[in-house]
Amino acid sequence: MKKKLLSLLLSAVMVASMVMVPVMADETEGAAEDAAAAVDLEGVDVENATIGISIYQFADNFMTLYRTELVRYLTEDLGFKEENIQVQDGKNDQAEQTNQINNFITAGVDVMILNLVQSSSAPQVTDMCNEAGIPVVYINRQPTTEESDRWVAEGIKATYVGADATQSGTYQGEEILETPNGGDINGDGKVSYIMVQGDPENIDAQQRTEYSIKALTDAGVEVEELLLQRGDWDQAKGQQIVQDALTQFGDQIEVVFCNNDAMALGALQAIQAAGRTVNEDIYLVGVDALTEAVQDIVDGTFTGTVFNDHFGQAQAAAQMAVKYLKGEDVDPINMVDYVKVTADNAAEILEKIQ
Ligand code: GAL
């Protein structure tokens, strides 16, 4: 029930282009039921509609939360049949995922929801789906503007649901600016940091890397990048990178920026193993608001994160699919807001995501 309530509260922050009915903070079961019912399913054959979903890789913490909510919402709240929803693991292999998409086409699914392994494959995948007459909702990995402009120009039934990664990066930078010493722990007039990046093919990784630092420099803060290394969104890689960086740079490191929480949780293991103390002699920020990371903020062992609203995004993606099933057109880009998470609101966020 709690999850349902959260999704409603979060829905309220979604942009105007959504079909969502903004139910404000009315924490009653009745309101939750009403909002699910408020998605207009008239004209949709929910008993028989088939949906093909492929996730870039099941082994991704954040996309696992997203996938779980997507299937829950489609079945429990909207009433689609579990047996009519196929969910495939792209195994981080575009060729494998393209095969899955071809199988969806052969099976004649009514709509697809795709988290591409490589967003650069969007033009090819879009053309495959379009030729087969199957609408596609892309999630999480945003195709280029050139590609989404093409959908509009050519009247192709394709859309993207995601979150503006520049916002998450900016929030990370602000979280450091809001610390007592603005990130300059040793008082030498500059913030020395390491950056643990996700898969650099993703806009999320590119923009979080850029905008977290831009928030500091825009505020007139001098920065020094000691290291920038890709950790591919992976906890074990995050741990290794930060362990090596702490050996190489030691006390010089004042801030560890990670493009996501999984890598930041790995970083925290390395930081603690090196005898350093977060929020005392080093700062640590991530993105996603994984439960463990938010708990660490409550406990004071993590500086901040940014809630990547998988409830809002999963529900918006499902609602775009519904619109396509009804034969309606949808906007090409649909963004859901991020939420800054620091010691000020971590307990409250934890309550909502658990
Ligand atoms: C990001 C998320 C990462 C990872 C990535 C996959 O939005 O923050 O943790 O899941 O998507 O594309």
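How far from an oxygen atom of the ligand does a polar side-chain atom of aspartate 288 lie? The distance is 2.6 Å. The model is predicted, with local features needing pLDDT of at least 70, side-chain atom pairs counting only at pLDDT 80 or more, and totals for chains, interfaces and linings using all residues. Residues are numbered from 1 along each chain as its sequence is written, and side-chain values use heavy atoms, with hydrogens and water left out.

Polar contacts are pairs of N or O atoms within 3.5 Å.

| Residue | Distance to a ligand oxygen atom |
|---|---|
| Arginine 141 | 2.8 Å |
| Aspartate 204 | 2.6 Å |
| Aspartate 288 | 2.6 Å |

On its own the ligand has 310 Å² of accessible area (Shrake-Rupley method, 1.4 Å probe), and the protein covers 99% of this. Residues around the ligand, with a heavy atom within 4 Å of it, include Tyr56, Arg208, Asn260 and Asn308.

The largest cavity has a volume of about 110 Å³. A cavity is a set of points on a 1 Å grid over the protein atoms alone where a 1.4 Å probe fits but cannot get out, and lining residues have an atom within 4 Å of a point. The lining has 13 residues, with Asp60, Phe62, Asn140, Asp204 and Trp233 nearest the centre. By class, 4 are nonpolar, 4 polar and 5 charged. Because domain 1 (2–163 + 309–353) and domain 2 (166–307) both give residues to the lining, the largest cavity lies between them.

Note on methods
1 Å grid on protein atoms, 1.4 Å probe; cavity = no way out; pocket = protein on both sides within 12 Å on 5 of 7 lines; lining within 4 Å. Points joined across faces, edges and corners; volume = space filled by probe spheres on them. Nonpolar A, V, L, I, M, F, W, Y, C, P; charged D, E, K, R; others polar. Domains from an automatic or database assignment. Polar contact = N/O pair within 3.5 Å; in protein donor to acceptor, adjacent residues only side chain to side chain.
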